[in-house]
Amino acid sequence: MNVTQAEEVFQRYHGHSFFSAKVNQVDKIEALYIPFWAASGSVRSKIINAQVGWDRLVTRYNKVTKQNESSWETTWRSIQTQHEFSNAYPSTIPELQIYASYKYRRGFVNQIRSSASILAAKPFDPQDMESTDPEDKKHGLRNRGLDPYTMKPNIALKFVKTSIEENEVQTAERWLVENYRCDRARIMSMDFQYSELVLAPVYIPVYVFSIQHLDRTFRTFVQAHDEAGLVGGIRFYSWQRVSAVTAICAMAGLAIMGTSRFGMTMTTGFWLGVVAPSLIVAWSVLYYPILDHRIRDWWRQREMAGHEQEAYSASWDADWTKAYDRFEEEQRRQDWSENQQYHRQSSQGSRSSSSERYGPPSDPQGYYATLGVSKSSSVQEIQSAFRGLAMKWHPDRFNTPEDKAKGKKKFQEITAAYSVLRDPKKRRAYDTYGRA
């Protein structure tokens, strides 16, 4: 995505509805790399104490209203169980991508996280700092800036563990509801054991649009990698339109209900029922970005102060700062395990019948040829080949309809081949019988 496409996404974001205030003046556009810690790992969770509840409709006599009134109540019962379950968390989950700086407001930057950016990650090269797009150069964006890493890994791990544990609690509650056939459940205590929890530094390219509103600077972030146009930033609304609609609705309400039932004259009703609500709404719409700005700044300063104390004694260990080395190491371990499983299954299958000993043609559907790999290729080699071909033949990379159609067909072939060769069971069936 170049700066011209980013401007189109920016305008759509700020002009998405009738009440939106379109931003016609942008003070500054910057091309930056935003740092993230991308986490991956697995966790084994155990439920220690929990409560399960059943909803029931209860009818009681109300002495005040002198009527029988019905309401739903939940009967809770405490349980103790040692149920355990394990889950793996890849770094493609957006919640495990932690903004690794304090320069910008975290809530807005978090909106540009995506799985595609992590899947397409590659070793950082100095040439990536220079833009080769003519549109970027036309706007004076020849070089892309860098937001440095200022959040230490041990702080990012706290965010990661919080996100994982929240998901594990939800998973446990769903299991309790299903297993005990209750209406609801709540976890009192759980135990979490992490394994192979690693962080990898990843930079995501963005365009940062700076806007002035009531003498305050607000920023909108447009991710430059994802063609979907992920955007983060506060939206502005037209106080004129919102207050006008409020006034019309208020006048319609007064006309229908009248002012006499409230003991007011028409003049009083107009000022209190129409003018006052319209002014309050207009003021709120106009100044709510300032209030949001101050609340987020206060929270960011508090977060920075707390993290500075926690990370005072922490060091930037080489295990964390090697660009993507730990992540690739973890990926190799997973791929090695899957390769071992595939070869064991293949060797067992080859001994099971004589028909399998002779086997089908080497590549009946052309899956290996499509990805440009051999039958002895590892899962990691197949995955690397798929990523490279997927980026090369993705339909969005082409401009003309003919090229898009050709790219779409090739992309479907690549995806079909990868879906078979990536799965050990499907790959063994394909090698044995010629079909998955």
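Two strands pair if DSSP finds at least two bridges between them, and helices (H or I, at least four residues) and strands (E, at least two) are DSSP runs numbered from the N terminus. With that in hand, welcome to a predicted model, in which local features need pLDDT of at least 70, side-chain atom pairs count only at pLDDT 80 or more, and totals for chains, interfaces and linings use all residues. The chain contains 14 helices and 8 strands.

**Confidence**
- The mean pLDDT of the chain is 81, and 86% of its residues reach 70 or more; pLDDT is the predictor's confidence in each residue, from 0 to 100.
- The pLDDT is below 50 over residues 313–328, a stretch with 29 contacts in the model beyond near neighbours in sequence (contact means heavy atoms within 4.5 Å).
- Residues 350–360 also have pLDDT below 50, and this stretch has 10 contacts beyond near neighbours in sequence.

**Overall build**
- Of the 436 residues in the chain, 37% are buried; buried means under 20% relative accessible area, exposed over 50%, and partly exposed in between (1.4 Å probe, protein chains only).
- The accessible surface comes to about 25500 Å², with 52% of it belonging to carbon and sulfur atoms; the areas come from the Shrake-Rupley method with a 1.4 Å probe, and for residues only the protein chains shown count as cover.
- Among contacts between residues at least 6 apart in sequence, 74% join residues at least 24 apart.

- Strand E6 (residues 184–213) pairs with strand E7 (residues 216–223) in the antiparallel sense over 8 bridges, and phenylalanine 209 stands opposite threonine 220 in E7.
- E6 and E7 form a hairpin with 2 residues between them, and leucine 214 in the turn has a positive phi of about 55 degrees.
- E7 also pairs with strand E8 (residues 231–232), in the antiparallel sense over 2 bridges; here phenylalanine 221 stands opposite glycine 232 in E8.

**Nonpolar cores**
- A nonpolar core is a set of buried Ala, Val, Leu, Ile, Met, Phe, Trp, Tyr and Cys residues joined through side-chain atoms within 4.5 Å.
- The largest core has 30 residues, and Ile34, Tyr104, Val109, Val206, Tyr207, Phe221 and Val222 touch the most other members.
- Helix H1 (3–14), strand E1 (28–62), helix H2 (106–109), E6 and E7 each supply at least two residues of this core, and E6 gives the largest share, 6 residues.
- A second, separate core of 28 residues includes Val43, Ile79, Met151 and Met190.

**Residues worth a look**
- Most residues other than glycine have a negative phi.
- Arginine 181 has a positive phi near 55 degrees; this residue is in the loop between helix H5 (153–180) and E6, and is exposed at 74% relative accessible area.
- Glutamate 196, in strand E6, has a positive phi near 55 degrees and is partly exposed at 43%.
- Proline 424 is in helix H14 (residues 424–433) and counts as buried at 14% relative accessibility.
- Proline 424 and valine 379 are 45 residues apart in sequence, with their C-alpha atoms 8.7 Å apart in space.

**Cysteines**
- The structure holds 0 disulfides, a disulfide being a pair of cysteine sulfur atoms within 2.5 Å.
- Cysteine 182 is buried, with a relative accessible area of 7%, whereas cysteine 249 is exposed at 53%.

Notes: Residues numbered from 1 in each chain as written. Heavy atoms only, no water.
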